[in-house]
Amino acid sequence: MSLLITGATGFIGRHLCTRLTTDQHTVLALLRDPDRQLPRLREQVEALGGDGKRIHALYGDLDQPGLGIDTPPADITAIIHLGARFAWQLDRDSARRTNVAGSLAVAELAARLGCRLVFISGFMLENHEHLQRLGIHTHAPAQTRWEDVYRRAGGYEASKLEAAFAVRALAESRGLELVEVQPATVAGHSQSGDLDPTQPLYSLMDNLARGRLALIPGTPDHWLPLVAVDHLAALITRAATTEQPPTRLLALDPQTPPLHELLARLAPPLGRKAPRRFIPIGLLSALLRLPGLPRLMNTWPEALHFIQPTRFDTRISEDFAAAQGLVAPPMARVIHASAHCYANQGHIRAQPRPA
Ligand SMILES: NC(=O)c1ccc[n+]([C@@H]2O[C@H](COP(=O)([O-])OP(=O)(O)OC[C@H]3O[C@@H](n4cnc5c(N)ncnc54)[C@H](OP(=O)(O)O)[C@@H]3O)[C@@H](O)[C@H]2O)c1
């Protein structure tokens with residue numbers, strides 16, 4: 001099968017290209033700078049055990065009208081849309097341009113090509129109370145005052161939510177085959193622990209290792225749901241290549257421990273003691289509004305939304321994974337591998353994402 005992928009050079013994208021090429025699929029990566037990015041991507045995929053020769057490039061930019069593509073590619077069976085600006089403190093216009101308008105342009109392309117669109121949204125789309133608190137009318141999204149949602153959620157999360165509702169509406173009106181994969185926060189590879197320094201879980205480990213996490217955000221019930229990057233890549237692969245997958249796949253491991261336990265498991269390999277006392281999320285958010293504190297603590301108030309007490313129904317994606325012969329790696333091993341990989345790299349500082 002020939003698959004067009006946006007965001008192939010990102011953390012999930014590289015692992016997805018590895019899975020797809022290992023499964024003998026051909027990948028056409030939409031890249032902003034193909035001459036520079038394609039050789040590097042091929043090298044990275046080879047290093048991860050995939051087949052770099054099966055990856056080809058197409059120039060394209062989510063920020064340009066029609067993605068800046070002159071001639072649409074032929075023989076594409078599915079588009080996997082991972083590309084996004086993923087950063088805290090993202091301004092509304094940039095977030096909307098890349099994440100909302102860019103997603104709609106990708107969906108338009110899929111409709112023109114008559115192929116399936118696998119759209120990567122996020123697990124918070126299944127936290128209905130949270131969506132209501134943000135002011136989203138889930139049954140009548142057109143009535144949502146998105147400027148309020150951007151104010152409450154920040155540019156990244158708001159634009160991902162707006163994009164999901166906009167893409168669903170476009171798919172409905174154009175008869176587009178849409179599969180939405182909704183990942184939890186992505187953890188490292190279940191064997192190697194590989195995790196980019198720009199990933200939120202990496203920042204959490206970095207904060208713990210550098211003694212910036214003296215208190216546990218939330219209550220004993222709060223958690224940061226995780227999914228191993230290799231399991232996510234396998235799920236996305238099947239979502240793109242299997243006949244009639246479910247229309248929504250929540251990629252979240254319900255075995256993820258509560259945050260206090262996650263920190264207790266991460267701390268020993270990082271040579272630290274885990275914090276034991278809790279701080280209410282509301283109080284922490286208020287403190288993080290003090291100028292300079294977020295940078296000092298390497299924590300932004302909008303990142304705290306993803307730490308919450310809601311539990312999710314994952315039966316549809318678990319049944320799909322089981323039918324596909326996919327077994328989620330034990331979360332204890334994923335956490336262990338991620339922490340050891342961080343520690344073995346000599347504590348490379350978490351890299352703030354450019355907004
Ligand atoms: N990581 C998580 O915990 C998580 C959880 C839930 C959902 N997601 C979603 O999963 C997707 C991938 O996440 P990730 O962690 O792999 O992100 P990432 O490492 O930041 O990668 C982002 C990708 O998007 C591309 N991109 C950004 N702006 C672009 C533009 N204007 N035109 C074309 N490509 C552009 C980047 O390309 P360049 O290399 O050219 O910059 C890169 O390949 C995102 O949609 C994110 O919202 C991630």
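Let me begin with the ground rules. What we have is a predicted model, in which local features need pLDDT of at least 70 and side-chain atom pairs count only at pLDDT 80 or more, while totals for chains, interfaces and linings use all residues. Residues are numbered from 1 along each chain as its sequence is written, and side-chain values use heavy atoms, with hydrogens and water left out.

I start with helix α1, residues 11–22; helices here are DSSP runs of H or I with at least four residues, strands are runs of E with at least two, and both are numbered from the N terminus. How far apart are the end C-alpha atoms of α1? They are 17 Å apart, which agrees with the 16 Å that twelve residues should span at 1.5 Å a residue, the expected span being 1.5 Å times one less than the number of residues. Ten of the twelve residues in α1 are buried, where buried means under 20% relative accessible area, exposed means over 50%, and partly exposed lies in between, with a 1.4 Å probe and protein chains only. Among the buried residues of α1 are Phe 11, Arg 14, His 15 and Leu 20.

After α1 comes Gln 24, which lies in the loop between α1 and β2 (26–31).

Now to the ligand, which 25 residues surround, a residue being near a molecule if one of its heavy atoms lies within 4 Å of it. Which residues are the closest? They are Thr 9, Arg 32, Tyr 156, Lys 160 and Gln 199. For polar contacts I use pairs of N or O atoms within 3.5 Å; within protein, one atom must be able to donate a hydrogen and the other to accept it, and residues adjacent in sequence count only if both atoms are side-chain atoms. A polar side-chain atom of Asp 61 lies 3.0 Å from a nitrogen atom of the ligand, and a backbone N or O atom of Leu 62 is 2.9 Å from a ligand nitrogen atom. At Leu 82, a backbone N or O atom lies 2.8 Å from an oxygen atom of the ligand. On its own the ligand has 900 Å² of accessible area, of which the protein covers 88%; these areas come from the Shrake-Rupley method with a 1.4 Å probe, and for residues only the protein chains shown count as cover. The elements that give two or more residues to the shell around the ligand are α1, α6 (155–174) and β7 (185–187).

In the loop between β7 and α7 (200–209) we find His 189, which is buried, with a relative accessible area of 18%, and whose side chain reaches the backbone nitrogen of Ser 192 at 3.4 Å.

The structure holds 16 salt bridges, each defined as a side-chain nitrogen of Lys or Arg within 4 Å of a carboxyl oxygen of Asp or Glu. In the pair of Glu 108 and Arg 174, the closest N and O atoms are 2.6 Å apart. That pair links distant parts of the chain, with Glu 108 in helix α3 and Arg 174 in helix α6, 66 residues apart. Glu 108 is partly exposed at 31% relative accessibility, and so is Arg 174 at 41%. Asp 206 bridges to Arg 210 at 2.9 Å between the closest N and O atoms; Asp 206 is buried at 0%, whereas Arg 210 is partly exposed at 27%. Finally, Asp 51, Lys 53 and Arg 54 are linked in a network of salt bridges, in which the closest N and O atoms of Asp 51 and Lys 53 are 3.3 Å apart.

Leu 287 belongs to helix α10 (residues 281–287) and, at 36% relative accessibility, counts as partly exposed.
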